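Please read this briefing beside the sequence and the 3D view, which follow directly. The notes after them are grouped by topic.

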Amino acid sequence: MKTNINFYTEDLRPKVYYLTLTNIAIVSGIFLLIMVLWFAQISLSNSQLAKQKQALQNELSSEEEQSVNFQAALIKHNDTTRFTNAKNGLERELTAKNALYKLVSAQSSADAIDYSVVMEELTQHHDHNLWLKDFRFNKNNVTFHGYALESKAVTQWMSYLQATNSFTGREFSLLKINAINDQVLEFNAATTVGDNSQEAGL
């Protein structure tokens with residue numbers, strides 16, 4: 001009778017780690033490419049909004065000039081109903097366009113986030129022991145998700161960010177650091193804006 005003995009047990013099988021420094025570097029490169037494309041899209045949107053604002057401003061200037069011309073004509077034709085109706089209609093249109101212009105200007109000022117400044121400050125304070133997988137940044141909140149080789153790198157990096165213009169007044173209300181394996185840590189961090197703080201132009 002033939003007997004087979006298997007000396008290769010599961011305990012001897014080499015472990016495969018998918019979360020390696022090489023894979024993290026590849027993911028970081030893909031993430032940076034996505035961020036560049038996202039920044040280009042935001043810049044295009046801001047540029048279109050600025051063009052719309054300029055077009056409204058030019059149209060308002062033209063309408064105001066026509067209003068002045070109509071008023072000058074009304075001095076000569078004060079008893080003409082046609083000029084009076086035209087003047088009233090133009091004034092109503094001018095009032096509506098002024099309101100629209102103020103709305104667009106307010107929206108442009110409120111939503112004008114200078115992402116180039118944020119990206120520059122993140123780059124200046126980059127730590128080689130830390131990789132960002134993704135992050136969100138708006139006028140109210142910031143969240144980070146990434147990996148690090150040591151927990152000290154995360155806390156030092158967060159301290160550096162709080163000294164920048166974009167992150168001034170933002171307090172880190174959440175920080176979670178978990179070990180993925182013996183070499184890599186995963187971290188999540190979130191911030192909030194204080195009530196009396198000045199929001200970054202973002």
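Thr191 touches Asn140, Asn141, Val142, Arg170, Glu171, Phe172 and Ser173, where residues up to four places away in sequence are not counted and contact means heavy atoms within 4.5 Å. Thr191 is found in strand β4, residues 185-193, and counts as buried because its relative accessibility is 2%; buried means under 20% relative accessible area, exposed over 50%, and partly exposed in between, with a 1.4 Å probe and protein chains only.

This is a predicted model, in which local features need pLDDT of at least 70 and side-chain atom pairs count only at pLDDT 80 or more, while totals for chains, interfaces and linings use all residues. Residues are numbered from 1 along each chain as its sequence is written, and side-chain values use heavy atoms, with hydrogens and water left out.

**The chain as a whole**

- The secondary structure comes to 4 helices and 4 strands, arranged along the sequence in the pattern α-α-α-β-β-α-β-β; helices (H or I, at least four residues) and strands (E, at least two) are DSSP runs, numbered from the N terminus.
- Of the 202 residues of the chain, 27% count as buried.
- Among contacts between residues at least 6 apart in sequence, 61% join residues at least 24 apart.
- The accessible surface of the chain comes to about 14000 Å², of which carbon and sulfur atoms hold 53%; such areas come from the Shrake-Rupley method with a 1.4 Å probe, and for residues only the protein chains shown count as cover.

- Ile30 lies in helix α1, residues 21-76, and counts as partly exposed because its relative accessibility is 48%.
- Together with Ile26 and Ile34, Ile30 forms a nonpolar patch on the surface, with about 290 Å² of accessible area in total.
- Patches are made of residues with over 30% relative accessible area and no salt bridge, with like charges joined within 9 Å and nonpolar side chains (Val, Leu, Ile, Met, Phe, Trp, Tyr) within 5 Å; a salt bridge is a side-chain nitrogen of Lys or Arg within 4 Å of a carboxyl oxygen of Asp or Glu.
- Trp38 is also placed in helix α1 and, at 28% relative accessibility, is partly exposed; its C-alpha atom is separated by 9.8 Å from that of Tyr115, 77 residues apart along the chain.
- Glu93 is found in helix α2, residues 81-111, where its 35% relative accessibility makes it partly exposed, and the C-alpha atoms of Glu93 and Leu60, 33 residues apart along the chain, are separated by 9.7 Å.
- Ala86 lies in helix α2 and is partly exposed, with a relative accessible area of 29%; from Ala86 to Ser67, 19 residues apart in sequence, the C-alpha to C-alpha distance is 9.4 Å.

- In helix α3, residues 115-124, the buried residues are Tyr115, Val118, Glu121 and Leu122. Seen down the axis of α3, these buried residues fall within an arc of 130°, so they line one face of the helix; the arc is that of the directions from the helix axis to the C-beta atoms.
- Thr123 and Gln124 are exposed on the other side of α3.
- Helix α4, residues 151-162, has 12 residues and reaches 17 Å from its first C-alpha to its last, close to the 16 Å expected at 1.5 Å a residue; the expected span is 1.5 Å times one less than the number of residues.
- Ala153, Val154, Trp157, Met158 and Leu161 are buried in α4. Down the axis of α4, its buried residues also fall within an arc of 130°, so they line one face of the helix.
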